[in-house]
Number of protein chains: 2
Amino acid sequence: MKLDYRKALEKAARQTIMIHRANTLIKMILRTIVRAVGLSHAGMFIYDKKRDEYVLQVSRGSRGFKIPAGFAKIRKDNPLIRCFTDKSIYFPGEIITADGVSGACESFGIGENAPMKKFLEEVKDALFSYQAHACIPGFFRNDLVGVLFLGEKANKKKFHDAELSFLSTLASDIVMALKNAWLIEDLNRQIDANKRLLLQTIASLASSIEAKDKYTIGHTERVAKYALHIAHVLRKSKPIKNWERFVENLNIAALLHDIGKIGIPEHILHKNVRLNKKEKKLVKTHPLVGAAILEHIEAFQEVLLGVKYHHEKYDGNGYPFRLKGRQIPLIASIIALADTFDAMVTDRPYHKGISREQARAEIVRNRGKQFAPCAVDAFLKAYPFRT
Amino acid sequence: MKLDYRKALEKAARQTIMIHRANTLIKMILRTIVRAVGLSHAGMFIYDKKRDEYVLQVSRGSRGFKIPAGFAKIRKDNPLIRCFTDKSIYFPGEIITADGVSGACESFGIGENAPMKKFLEEVKDALFSYQAHACIPGFFRNDLVGVLFLGEKANKKKFHDAELSFLSTLASDIVMALKNAWLIEDLNRQIDANKRLLLQTIASLASSIEAKDKYTIGHTERVAKYALHIAHVLRKSKPIKNWERFVENLNIAALLHDIGKIGIPEHILHKNVRLNKKEKKLVKTHPLVGAAILEHIEAFQEVLLGVKYHHEKYDGNGYPFRLKGRQIPLIASIIALADTFDAMVTDRPYHKGISREQARAEIVRNRGKQFAPCAVDAFLKAYPFRT
């Protein structure tokens, strides 16, 4: 017996380990099986934990057999599944073939073992619906993870035992690769969920802190929104290192930029007349207080820069360090602009908000003075108001 | 030629996909190679990204060849590595055998191609140090991920070409399994790091909020510490559902239990005389304010319970809902006890702290009144002070 497709399939199975998306993996392996073995089509029922049923994936061969749309999933009590999971049936865990099932059906005498005959008839019908000539279970430990089924061979011949046994090994390889892909998908999902949770937590806590100051409600979330938009535009004309980490940090720093105001008494924050010198000095400590709150968090070193320097000015007239030009980290320059823009257009105790167009003109006027030119240019592209 | 160990090794290679620790994986596969092929020993140099060098793992056969301790890692310019990575050498990417290298050395005439001869002598010496009879590279794309080397065969025979080619396929399987294990290790590390980051962030923000009230500095961190200790002891006598999530949530809820105090003016928090009715009412809103701050965070539904109900009392005399007994979620009962204990033993504007022994007696007296009996019992076991 010749199994000349064996090498191709073994190689394909070997590489499944590098495919981390379960769907891609199944598609790839089914396509390889159809081509290498020369089949009309092949498919696999994959157990879907959420739905607690088996979902079908099919690869059509050149002759393009099409499975009816309603057949895309089957329940756990479907005869094709019960063949392999129901211990009261005599072939659990074995490969089944259409010929074998037909033969078994015919071997019953009239009235003999009626329930089993009925079950086998159901299996036969199910196999027919999918034009499946053989069905191979894929177990992981005792769980039926998938059922691989094979259409007809192009040469119309039957499947040999050796072929089926080879494909059975392949099916358990697929199951392992699937388990692996699911694990990786799951870990990635957890990572995404954790990142979202961190942002949500920071946003909630930051906004609870700003709730102290009724005039700034929503301020941090808006600053974060503006800052992210500016960064996305800026990136188009200026490459930003470690972009993904940068936007994550920018988002967090924007949400936390005023966290240091927690230390400023409410009566100063709420004051609607000009602050005196001492009060001004106190307010100006907030970037440093904010940095002190976050400095123990190792992963927030870049976030820290955004918080600490968001009141520095490009021309060196900012605070607390009077940094100049390129001394100011980009993350801080972007937050500075977003922060000032929001402060200009919203009402505060000490001034009424100006229009977006007026704010825009003010920002243009301060390009290279208060603000970093690259941040202003990106801002103008990001927010092209009519003037 | 007989390759009777082939099946065993193929099966082993196949299962490596389910091994998610790189070290375990290498150990397992080396042991299988040593046993199946019948070798004195086998080893693998694995590339270590952090150190930018290759680290050795060895499996000894029954004859127990021992590699000198100083040979546990080699640099990228080691001749055994350069064989496979240096394009100026004529066999990159090929398998090398001790016999082949010796033969090549001898084939040079006196003074002929001296640098190459010198290099081959170095390779020969290196092979000798590890008693390696054959070296097989494992590439992933163009990167040399590992070098598998084989000791002597038990029957003292040479390696056949077919054997080496089979083991070469195996080496690339190992490399893929390794890459996979590294990826999973890396994802798990990210998940752990993210969890730590979330806790650090919450701890920093929560403590910045409590910094408003100089009398409670360190309070939330201590409450979290007590609560976790109580929970760990409690669990020994009472099963806790979804334990891992529970402690994570308990930790977060304990850190955030007083977050709602953000809304209470400082002059009330700092007051060192008894609060009047109106002030008391305001202070009593803090569990609900805290819950409101967190309620949009879906993953914090259990955390919310801890924050919202940490001033309920077991006998129904707490606030804000006067919940009773089992109506109070366990997470809140534990925090309530930890919170009260810390408040009792530390100085506050309105009272001086009492001793731990006095606090303990007070807690015993309130078992089933203010506090849930199970929490008190666990507390007493967790903190067995001398009385």
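What volume does the largest cavity have?

## Largest cavity

In this predicted model, the largest cavity has a volume of about 280 Å³. Its lining is made up of 16 residues, and those closest to the cavity centre are Ala13(A), Arg14(A), Asp173(A), Ala13(B) and Arg14(B).

Both chains take part in the lining. The elements that give two or more residues to it are helix H1 (6–15) and helix H6 (161–210) of chain A, along with helix H1 (6–15) and helix H6 (161–210) of chain B. Sorted by class, eight lining residues are nonpolar, two are polar and six are charged. In total, the structure holds four cavities of 30 Å³ or more.

## Interface of chain A and chain B

Chain A brings 42 residues to the contact, and chain B brings 42 residues. Between them the two chains bury about 3,700 Å², and carbon and sulfur atoms account for 73% of this area.

Polar contacts, counted where both residues are at pLDDT 80 or more, join three residue pairs between the chains.

## The chain A side

On the side of chain A that touches chain B, H1, H6 and helix H11 (286–294) of chain A each supply at least two residues. H6(A) gives the most, with 22 residues.

By class, this side of chain A has 23 nonpolar residues, twelve polar residues and seven charged residues.

Terms used:
Residues are numbered from 1 along each chain as its sequence is written. Chains are lettered from A and ligands numbered from 1 in the order in which they are written. This is a predicted model: local features need pLDDT of at least 70, side-chain atom pairs count only at pLDDT 80 or more; totals for chains, interfaces and linings use all residues. Side-chain values use heavy atoms; hydrogens and water are left out. On a 1 Å grid over the protein atoms alone, a cavity is a set of points where a 1.4 Å probe fits but cannot get out, and a pocket is an open set with protein on both sides within 12 Å along at least five of seven lines; lining residues have an atom within 4 Å of a point. Grid points are joined across faces, edges and corners, and a volume is the space filled by probe spheres set on the points. Helices (H or I, at least four residues) and strands (E, at least two) are DSSP runs, numbered from the N terminus. Ala, Val, Leu, Ile, Met, Phe, Trp, Tyr, Cys and Pro count as nonpolar, Asp, Glu, Lys and Arg as charged, and the others, Gly among them, as polar. Contact means heavy atoms within 4.5 Å. Buried area is the accessible area (1.4 Å probe) that two parts lose on being put together, summed over both. A polar contact is a pair of N or O atoms within 3.5 Å; within protein, one must be able to donate a hydrogen and the other to accept it, and residues adjacent in sequence count only if both atoms are side-chain atoms.
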